[in-house]
Amino acid sequence: MLLVTAYPILYNVYLSLLRADLRFPEDNTWVGLNNYITVLTASVWWRDFWHTILITGVSVSVELVLGMLLALVMHRAIFGRGVIRTSALVPYGIVTVVAAFAWRFAWSSSEGGFVPKVLGMSFDPVATTEPFWNYVVVIATEVWKTTPFMALLLLAGLTLVPDELHEAAKVDGASNWQRFWRITIPIMKPAILVALLFRTLDAFRVFDSVYIISNGNNPNVETVSVLNFNELLTRLNLGVGAAISVLIFICVVIIAALFVKGFGTSLATQTGED
Amino acid sequence: MAARRAAGWGGINAIVVICALFPVFWLLMLSLKKPSTITDGRLIPSSWSFENYKGIFDQDVFNRALVNSIGIALISTVIAVVFAAMAAYAIARLEFPGKRVILTASLAIAMFPPVALVGPLYNLWRNIGLYNTWPGLIIPYMTFTLPLAIYVLSAFFREIPWDLEQAAQVDGATAGQAFRKVIAPLAAPGMFTTAILVFIFAWNDFLFAFSLTSTTAAQTVPAAIALFPGASQFSQPTGSIAAAAMVVTIPIIVMVLFFQRRIVAGLTAGAVKG
């Protein structure tokens, strides 16, 4: 495990300090932090960075709300739990590429999608001329694919809420809404945080669905991972690509640190030893 | 009252099921259209045909990709579960220094952006001849599935009442028998669950498959789908993609149908019990 992870990571850091460009294979000179300067001063990195933040922020918030609803449904349903759980797991298990194609075909009018027809759109929502709709499609795909995962993590937290508390609160005259906000949410807080953390980190690294939906070259929704991929394998600029990788990793660590710090002990007790 | 509540839940269940399955349904319908009517934007095909399916199975590319996908996913699953079982057994049974470090490291690796490994691996694999081979994909899958597997399995193993082993030995069983007849059956469900999660991961991967392979020698289905050419230079491969997408979705749906309880247990064990 050490060999296959640590070595590439260190090699990656090393590469990021070289002028490793496969178009000039002999010219592997040491350039120090130049690659990082190139990336951080390039408008394209910051553009893609904000795209990623936008996609992550919107899809994770929507997923949290929908996931919570789905978890409540799975928890409270008086019949058909198995059916709900099975159908909810389909989006989770389905190959991301397949999910992305399903959504792209549904929305793309040039590829025979029914959505533009149903909504009476005269334009193609997947075309690069419609940035807003590009986001709608990408985020909708993400939300569809990962809400079940969110819901399952939340459900695990939901089952920890003791029924007696609800009964007691009911006797004291608390409404459903009050009980949800005052009892369920505080007890579930650790589970919510874990779910949010997992999903935020995942969403920040989104690649497959964006790449498929945008055909790999739609600058409107290009995320940092897609930029990274293109830099490495299309432009074959390993040095700059490696620098981007390291920056993405740093972002991920910062996000994780913010979560852990912001929510302190509740997360530590949750992910650490019982 | 009861009837109304039941009807209400029926409605909610229906909404969940429709939301979860509709994109899959759409893809299925698309794959059953005649190639000439693919772009008509109708939800239900005007004429049904299996031409798309026949088309992909006639292509060597897809058949080979299917074999690669199945082979690589199965091998990855077996290796990951065997190694993870050993690691998790040690973590659950023995007290040794660095135990927490292993678990923390597992979590950290799980957070590592996969795209950051693509560059170094691409370069490295080309140099040592692993580019475009089965091991070339299996190794990075190990990197990402082993931590997950160790994490989930140690959560499961911690729940096993290990005293039973001694009890069996007191009753006259040999150490081997005690392990085989008492512990193994208790550990089996956890290992099975882990195997499903690892399999889904390997089956799902697009990023590595797309960047570390180039020909039918090792290309897996998600990568092959993304690179599908049209039947002729001017035709869109929409129908073939839809059909191929349905084929790779079938194993996932079968797994979800039969093992939904296990998948849920595995996902939440890793995240909450951890």
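**Entry 1: chain B, overall**

I began with a term: helices and strands are DSSP runs, numbered from the N terminus, and a helix has at least four residues. The model I examined is a predicted one. Reading chain B from its N terminus, I recorded the order of elements as α-α-α-α-α-α-α-α-α-α-α. I then looked up the extent of the C-alpha trace of chain B, which spans about 70 × 70 × 35 Å along its principal axes. Chain B has 274 residues, and 45% of them count as buried. Among contacts between residues at least 6 apart, 74% join residues at least 24 apart.

**Entry 2: chain A, overall**

I repeated the look-up for chain A, which has 13 helices and zero strands. Along the sequence, I read the pattern of chain A as α-α-α-α-α-α-α-α-α-α-α-α-α. Of its 274 residues, 46% count as buried. For contacts in chain A between residues at least 6 apart in sequence, I noted that 69% join residues at least 24 apart.

**Entry 3: the contact of the two chains**

**Entry 4: the largest nonpolar core**

I next turned to the largest nonpolar core, which has 155 residues. Which members touch the most other members? They are A:Leu154 and B:Ala245. Helix α6 (residues 134–159) of chain B gives the most to this core, with 16 residues.

I then listed the contacts of A:Leu154, leaving out residues up to four places away in sequence. A:Leu154 touches A:Gly67, A:Met68, A:Ala71, A:Met188, A:Ala191, A:Ile192 and A:Ala195.

**Entry 5: a helix pair in chain A**

Two packed helices are described by the angle between their axes and the distance between the axes. I looked up both values for helix α3 (residues 43–76) and helix α7 (residues 131–158) of chain A. Their axes come within 6 Å and cross at roughly 45°. α3(A) and α7(A) are therefore oblique to each other. I noted that the crossing of this pair, α3(A) and α7(A), is right-handed. The residues of the contact of α3(A) with α7(A) comprise 17 nonpolar, five polar and two charged.

**Entry 6: helix α6 of chain B and two partners**

I took α6(B) with helix α3 (residues 60–93) of chain B. The axes of α3(B) and α6(B) come within 7 Å and cross at roughly 40°, which makes α3(B) oblique to α6(B). The crossing of α3(B) and α6(B) is right-handed. I counted by class in the contact of α3(B) with α6(B) and found 23 nonpolar, four polar and one charged residues.

I then took α6(B) with helix α8 (residues 175–204) of chain B. Their axes come within 9 Å and cross at roughly 155°. Angles over 145 degrees count as roughly antiparallel, so this description applies to α6(B) and α8(B). The crossing of α6(B) and α8(B) is right-handed. Among the residues of α6(B) that meet α8(B) I noted B:Tyr141, B:Phe144 and B:Leu148, and those of α8(B) include B:Ala187, B:Gly190 and B:Met191. By class, the contact of α6(B) with α8(B) has 14 nonpolar, four polar and no charged residues.

**Entry 7: two loop residues of chain B**

I located B:Leu43 in the loop between α1 (2–31) and α2 (51–58) of chain B. B:Leu43 counts as partly exposed because it has 14 C-beta neighbours inside 10 Å. Leaving out residues up to four places away in sequence, B:Leu43 touches A:Phe114, B:Trp26 and B:Met29.

I located B:Asn132 in the loop between α5 (115–128) and α6 of chain B. With 17 other C-beta atoms within 10 Å, B:Asn132 is partly exposed. Most residues other than glycine have a negative phi. B:Asn132 is not a glycine, yet its phi is positive, at about 65°.

How values were computed: Residues are numbered from 1 along each chain as its sequence is written. Chains are lettered from A and ligands numbered from 1 in the order in which they are written. This is a predicted model: local features need pLDDT of at least 70, side-chain atom pairs count only at pLDDT 80 or more; totals for chains, interfaces and linings use all residues. A nonpolar core is a set of buried Ala, Val, Leu, Ile, Met, Phe, Trp, Tyr and Cys residues joined through C-beta atoms within 7 Å. A residue is buried if 20 or more other C-beta atoms lie within 10 Å of its own, exposed if 12 or fewer, and partly exposed in between; C-beta atoms are placed from the backbone. Two residues are in contact if their C-beta atoms, placed from the backbone, lie within 7 Å. Axes are lines fitted to C-alpha atoms, for helices over the stretch in contact, and angles run from 0 to 180 degrees between N-to-C directions. Angles under 35 degrees count as roughly parallel, over 145 as roughly antiparallel, 65 to 115 as roughly perpendicular and the rest as oblique. A crossing is left-handed if the near helix is turned anticlockwise from the far one by less than a right angle, and right-handed if clockwise. Ala, Val, Leu, Ile, Met, Phe, Trp, Tyr, Cys and Pro count as nonpolar, Asp, Glu, Lys and Arg as charged, and the others, Gly among them, as polar.
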